[in-house]
Amino acid sequence: MLWAVTTGHPRSHRRARRTRFGLLFGLVVVIALAVAAVIVLRPPGPRPLFQMPVGCGETWQVGTYPGHGDYDVDFFPLSGDPWGQPVLASYEGTVTVAGINGSLGGRTPDNPDGPRGRGGGYWVKIDHGGRWETQYLHLLEPPLVQAGQRVVQGQQIGRIGSTGNSGAPHLHYEQRRGWEKVETYFDGAPSGITNDDAEYTLRLTSNNCP
Ligand SMILES: [Zn+2]
């Protein structure tokens, strides 16, 4: 009898404490999931007025090819040496990635047919707020910006190169809303490049002007 009383009480106290802890832990998990859902599922903001990622007044070939990836666009300059031409931020924002995607390979101005790398090579990703992002791939050298840095529209973030999986010096460019790639817009107008079923190119003049 005494044995039952002295051991029974502490045990039931422990059980009650465990139950309270379990409820509290469950509540914390539910709140954390709710906060995560709000962050992930919050509706995107309005599309920023993106500009072409190249110099004001310059005309570039903008296009895609079969197997490229839907919505992906490549920029090739129509004048001058493509190597090293400035790559500009399409819109103001915060740099979230500035580094190497995949591997660099060995294609340089002195050795344009050097070994191909993998992925995007030197690249930059900018968060423009409202869940909108832009990405800039195959840069010649380490980006001119760092992760965490604020940039303004038109600020130079790198130079045209051919690092990563790239055949010739050009800029691979994407606009993203949330998790998904979307059709690129420049100066408020859709580019018309929505899939990679066929080769498609157009000439566009940049209005990425101060
Ligand atoms: Zn590309």
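Select Leu24, Leu27, Val28, Ile31 and Val35: together they make a nonpolar surface patch of about 470 Å². A patch takes residues with over 30% relative accessible area and no salt bridge, joining nonpolar side chains (Val, Leu, Ile, Met, Phe, Trp, Tyr) within 5 Å and like charges within 9 Å. Areas come from the Shrake-Rupley method with a 1.4 Å probe, and for residues only the protein chains shown count as cover. Click on Val35, which is found in helix α1. Its relative accessible area is 46%, so Val35 is partly exposed; buried means under 20%, exposed over 50%, and partly exposed is in between (1.4 Å probe, protein chains only). Helices (H or I, at least four residues) and strands (E, at least two) are DSSP runs, numbered from the N terminus.

Before you go on, remember that this is a predicted model, where local features need pLDDT of at least 70, side-chain atom pairs count only at pLDDT 80 or more, and totals for chains, interfaces and linings use all residues. Residues are numbered from 1 along each chain as its sequence is written, and side-chain values use heavy atoms, with hydrogens and water left out.

**Stop two: a run of arginines**

Now pick Arg14, Arg15, Arg17, Arg18 and Arg20, which form a positive surface patch. Lys and Arg count as positive and Asp and Glu as negative, while His and the chain ends are not counted. Each charge is placed at NZ of Lys, CZ of Arg, CG of Asp or CD of Glu. Arg14 lies in helix α1, residues 2-41, and is partly exposed at 43% relative accessible area.

**Stop three: the zinc ion**

Which residues hold the zinc ion as protein donors? Select His68 (NE2), Asp74 (OD) and His172 (ND1), which lie 2.0 to 2.1 Å from the zinc ion. Donors are N, O and S atoms within 2.8 Å of the metal (3.2 Å for Na, K and Ca), and water is not among the atoms, so sites may look incomplete. Along the chain, the donor spacing reads H-x5-D-x97-H. His68 sits in the loop between β1 (59-64) and β2 (73-77), and His172 in strand β9 (residues 171-177), so this pair, 104 residues apart, links distant parts of the chain. Both His68 and His172 are buried.

**Stop four: salt bridges**

How many salt bridges does a search of the whole structure find? There are 4, each a side-chain nitrogen of Lys or Arg within 4 Å of a carboxyl oxygen of Asp or Glu.

- Lys181 and Asp72 pair up, with the closest N and O atoms 2.9 Å apart. Lys181 is in strand β10 (residues 180-182) and Asp72 in the loop between β1 and β2, so the bridge ties together parts 109 residues apart in sequence. Lys181 is partly exposed at 27%, while Asp72 is buried at 3%.
- Glu174 and Arg176 meet at 2.8 Å, N to O, and both are buried.
- Glu180 and Arg177 have their closest N and O atoms 3.3 Å apart.

Most residues other than glycine have a negative phi. Zoom in on Arg131, where phi is positive, near 70°. Arg131 is found in the loop between β5 (118-127) and β6 (132-139). Then jump to Asp187, with a positive phi of about 55°, in the loop between β11 (185-186) and β12 (189-190).
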